[in-house]
Amino acid sequence: VEPGGRKVEMGSGWNLRRGRHELLLELEASNGSKQSTDRKSVDYQYALSVPGVVEIPELNARIEARVVDAGGVPEDERGQLLNVGLVPVEVLVRNWRAGDRYWPAHTSADKKVKELLSDRHAVGVQKKLWPVAVAEGCGLIWMRGFAAPAAFQVPVGATQAIWIREIAA
């Protein structure tokens, strides 16, 4: 047991550790690093071709990027559309990471993703696994449920757009 009673070694490399609001079962790898069986510690990252689809097992969903007729997208979701001419042919879909920043259109400045998710009352595993799309050299260009960054929004009068969205499995 470590000082303060926060960790119990259970043998065969397994440790039980008390977190702030949970118990974590961890397997200590042969190199001394820890692997938690708690889903909150899972990071994921997958390449997504644009257009294309990628399965995200951690979300039990898939993320789809497709070229759409901008006028055919429901009005309340048009803010999420991306400019066809600016989105690269491949992006990385991953969970947000500490330090990530996002600048949704119609806001005065970029914000930490952590703050944006807190404003939406996302907590726990839902918050940790929240998907974003990263374009090389551009940073985050998509975040589930948020307007596209102003720099990537569809220009007025454009007929086609890229629509990235999560589809439950």
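**Figure 1. The hairpin of β6 and β7 in a predicted model.** In this predicted model, β6 and β7 form a hairpin with 4 residues between them, and Asn 60 in the turn has a positive phi of about 55 degrees; strands here are DSSP runs of E of at least two residues, numbered from the N terminus. The two strands, β6 (52-56) and β7 (61-69), pair in the antiparallel sense over 5 bridges, where pairing requires that DSSP finds at least two bridges between two strands. Within this pairing, Gly 52 stands opposite Ala 65 in β7. Because its relative accessibility is 55%, Asn 60 counts as exposed, a class that begins over 50%, whereas buried means under 20% and partly exposed lies in between (1.4 Å probe, protein chains only). Most residues other than glycine have a negative phi, and most peptide bonds are trans. Residues are numbered from 1 along each chain as its sequence is written. Local features need pLDDT of at least 70 and side-chain atom pairs count only at pLDDT 80 or more, while totals for chains, interfaces and linings use all residues, and side-chain values use heavy atoms, with hydrogens and water left out.

**Figure 2. The pairing of β7 with β13.** β7 also pairs with β13 in the antiparallel sense, over 9 bridges. In β13, Gln 160 is the bridge partner of Asp 69.

**Figure 3. The largest nonpolar core and the surroundings of Val 91.** The largest nonpolar core has 22 residues, and those with the most contacts inside it are Ile 63, Leu 82, Val 91 and Ile 141; such a core is a set of buried Ala, Val, Leu, Ile, Met, Phe, Trp, Tyr and Cys residues joined through side-chain atoms within 4.5 Å. At least two residues of this core come from each of β6, β7, β8 (90-95), β11 (131-135), β12 (139-143) and β13 (160-168), and the largest share, 3 residues, comes from β7. Leaving aside residues up to four places away in sequence, Val 91 touches Tyr 46, Ala 47, Leu 48, Val 50, Ala 133, Val 134, Ala 135 and Ile 141, a contact being heavy atoms within 4.5 Å.

**Figure 4. The hairpin of β11 and β12.** β11 and β12 run antiparallel and are joined by 4 bridges, with Ala 133 opposite Trp 142 in β12. The hairpin has 3 residues between the strands, and Gly 137 takes a positive phi near 80 degrees. Of the 5 residues of β12, 4 are buried, so this strand is largely enclosed by the rest of the structure.

Figure 5. Val 50 and Pro 51 are joined by a cis peptide bond, with omega about 0 degrees. Pro 51 is found in the loop between β5 (45-49) and β6.

Figure 6. At 75% relative accessibility, His 106 counts as exposed. His 106 is also one of the residues that line the largest pocket, among them Arg 78, Leu 81, Gln 153 and Pro 155. The lining divides into 6 nonpolar, 5 polar and 1 charged residues, with Ala, Val, Leu, Ile, Met, Phe, Trp, Tyr, Cys and Pro counted as nonpolar, Asp, Glu, Lys and Arg as charged, and the others, Gly among them, as polar. On a 1 Å grid over the protein atoms alone, a pocket is an open set of points where a 1.4 Å probe fits, with protein on both sides within 12 Å along at least five of seven lines, and lining residues have an atom within 4 Å of a point.
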